[in-house]
Amino acid sequence: MSGTGPPGPVMDRDEVDRALARLDAEHEAIETSLLALQDHAGRRLLEGAALTGVTEERWAATEQRITLLWAYFDAYAGALNAARELRARRRWPSREDLVELTELLRGESVTVAGGSAAGADPPGTGPARLSERFTLQELVSRMNDLYARSLDTVVAADAVWSALPARIDLLAAELARTRHLAHSVGVRPGEHPAGDDLERITRALTALREQVISDPLAFWQRAEGSSAPGGGRAHTDRYDREARALEEVRREIEAVLTVRQDAEARLGRLRDVLSRADRTLAEARSARGEVLAKIAASEVPAVSGPSTALQEQLAMASDYRRHAQWHRLSPLLESLEEKAEDELLRARESLTAVTAPLAVRAELRGRLDAYKAKVARLGHAEDPLLIERYDAARRMLWSAPCDLRVAEQAVLRYQQAVTEVLAPRVPQQGGTADRRGDA
């Protein structure tokens with residue numbers, strides 16, 4: 001790059017004036033942007049924060065860029081002021097003035113000392129240059145690039161700080177309310193899994209907030225394909241995970257609260273179900289004694305007593321309620337309700353099994369009397385065979401103990417006799433017999 005002579009054709013007065021007007025406008029725009037960057041809330045926060053990790057590294061590089069940016073701007077302003085002063089000497093500039101103005105406005109007229117060493121991301125090879133020369137247009141391009149990269153860091157950090165800490169604080173407030181509610185129903189760390197979960201979420205949120213404050217850029221996700229400063233969003237995966245975990249704990253606490261509200265009614269229903277089971281078992285034991293006394297040669301299943309384990313658990317549930325140990329009462333009630341229904345079903349099945357012989361005897365008695373009524377209705381009540389077999393079956397069914405197998409055979413013999421008596425007679429002299437029965 002040569003600094004001797006103007007680059008290209010010498011500019012005339014109008015070209016010089018237009019170039020100065022454009023450069024003045026760029027100077028004003030750059031100065032406005034730099035001042036806005038200087039006053040940006042994110043920049044002030046970055047300057048005052050105790051940074052760590054990715055943010056510490058990127059902010060150190062960004063501070064160097066901003067320092068260099070101001071150095072470039074001062075050099076740019078100085079060169080622009082020199083051009084303005086030269087142009088202001090004469091209304092009609094001389095040839096020598098125009099040559100010098102052309103060199104200032106188009107040539108490599110600006111020297112910046114220590115550019116690479118001041119943080120302009122020097123190349124990975126070769127020694128750092130002690131100074132650099134630029135045209136005013138090159139310097140504007142360089143400043144735009146440094147400004148965009150610096151602004152990207154500031155905007156990204158500010159976006160994370162604006163989004164995540166506030167949300168974490170709201171979730172922490174919800175966590176505090178949930179913890180207070182949990183303590184009111186006895187859900188505490190070391191005593192209930194939900195209490196342990198609340199402690200873990202508390203630690204996780206505290207650590208997350210500390211990291212967000214000290215290293216916001218670790219939570220920044222750049223938008224794919226975006227080159228605009230601050231193009232992206234704060235990723236909230238860790239926050240979302242803890243928010244879901246807290247919601248699950250909150251639902252569990254609400255379930256325990258529901259238990260507190262419904263505990264007495266549920267305990268009352270449990271007592272009623274177990275009482276019905278006990279009464280049914282007592283009835284089965286009484287029926288078993290009756291069966292053993294009245295039915296001979298019959299296998300009658302044994303009847304167990306009431307479940308002492310369920311009664312003990314019911315007493316424990318009542319004790320939990322008295323001492324407001326709702327977190328322990330909740331699972332115990334659910335288990336007891338299922339077991340109590342099973343106990344009632346078992347008692348009913350036991351009663352059915354025990355009284356089966358009595359049911360068989362009752363069915364045989366009913367069948368015997370039904371056939372007797374039929375015989376009387378058809379006018380055969382005085383038949384000697386029927387009377388004999390009826391009396392035999394009746395003595396067996398109404399005696400104690402009753403042998404059901406023998407009694408059933410007696411009833412069948414009576415049925416057969418009835419069938420024979422009621423069967424139509426076949427004529428002696430041929431012909432077609434009338435087979436219509438009375439039944």
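Student: Which side chain meets that of Glu47 in a salt bridge?

Tutor: This is a predicted model, in which local features need pLDDT of at least 70, side-chain atom pairs count only at pLDDT 80 or more, and totals for chains, interfaces and linings use all residues. Residues are numbered from 1 along each chain as its sequence is written, and side-chain values use heavy atoms, with hydrogens and water left out. A salt bridge here is a side-chain nitrogen of Lys or Arg within 4 Å of a carboxyl oxygen of Asp or Glu. At 2.9 Å, N to O, the partner of Glu47 is Arg43.

Student: Is Arg43 buried or exposed?

Tutor: Buried means under 20% relative accessible area, exposed over 50%, and partly exposed in between (1.4 Å probe, protein chains only). Glu47 has a relative accessible area of 43%, so Glu47 is partly exposed. Arg43 has 8% relative accessibility and therefore counts as buried.

Student: In which helix do Glu47 and Arg43 lie?

Tutor: Helices are DSSP runs of H or I with at least four residues, strands are runs of E with at least two, and both are numbered from the N terminus. Glu47 and Arg43 are four residues apart, about one turn of the helix. Both lie in residues 41-48, which is helix 2.

Student: Why are Glu363 and Arg367 separated by about one helical turn?

Tutor: Their side chains meet in a salt bridge at 3.1 Å, N to O. Glu363 is partly exposed at 42%, and Arg367 is partly exposed at 22%. The separation is about one helical turn because the two residues, both in helix 10 (residues 356-377), are four residues apart.

Student: Which residues do salt bridges that share partners join into one network?

Tutor: Side chains of opposite charge can pair when their charged atoms come close. Here, shared partners link salt bridges into one network of Glu247, Arg250, Arg251 and Glu254.

Student: What is the N to O distance between Glu264 and Arg271?

Tutor: Glu264 is partly exposed, with a relative accessible area of 39%. Arg271 is also partly exposed, at 35%. Their side chains meet in a salt bridge with an N to O distance of 3.7 Å.

Student: Which residues form the negative surface patch?

Tutor: Patch residues have over 30% relative accessible area and no salt bridge; like charges are joined within 9 Å, and nonpolar side chains (Val, Leu, Ile, Met, Phe, Trp, Tyr) within 5 Å. Helix 6 (193-214) and helix 7 (237-294) each supply at least two residues of the negative patch. Asp197, in helix 6, has a relative accessible area of 33%. The patch is formed by Asp196, Asp197, Glu248 and Glu252.

Student: Which residues does Thr135 touch, not counting those up to four places away in sequence?

Tutor: Thr135 lies in the loop between strand 2 (131-134) and helix 5 (136-184), and counts as buried at 12% relative accessibility. With contact meaning heavy atoms within 4.5 Å, Thr135 touches Arg106, Gly107 and Glu108.

Student: What share of the residues in the protein chain is buried?

Tutor: The protein chain has twelve helices and six strands. Among its contacts between residues at least 6 apart in sequence, 75% join residues at least 24 apart. Of the 439 residues, the buried ones make up 36%.

Definitions and conventions. Areas by Shrake-Rupley, 256 points an atom, 1.4 Å probe, with all protein chains shown as cover. Lys, Arg positive; Asp, Glu negative; His and termini not counted. Charge placed at Lys NZ, Arg CZ, Asp CG, Glu CD.
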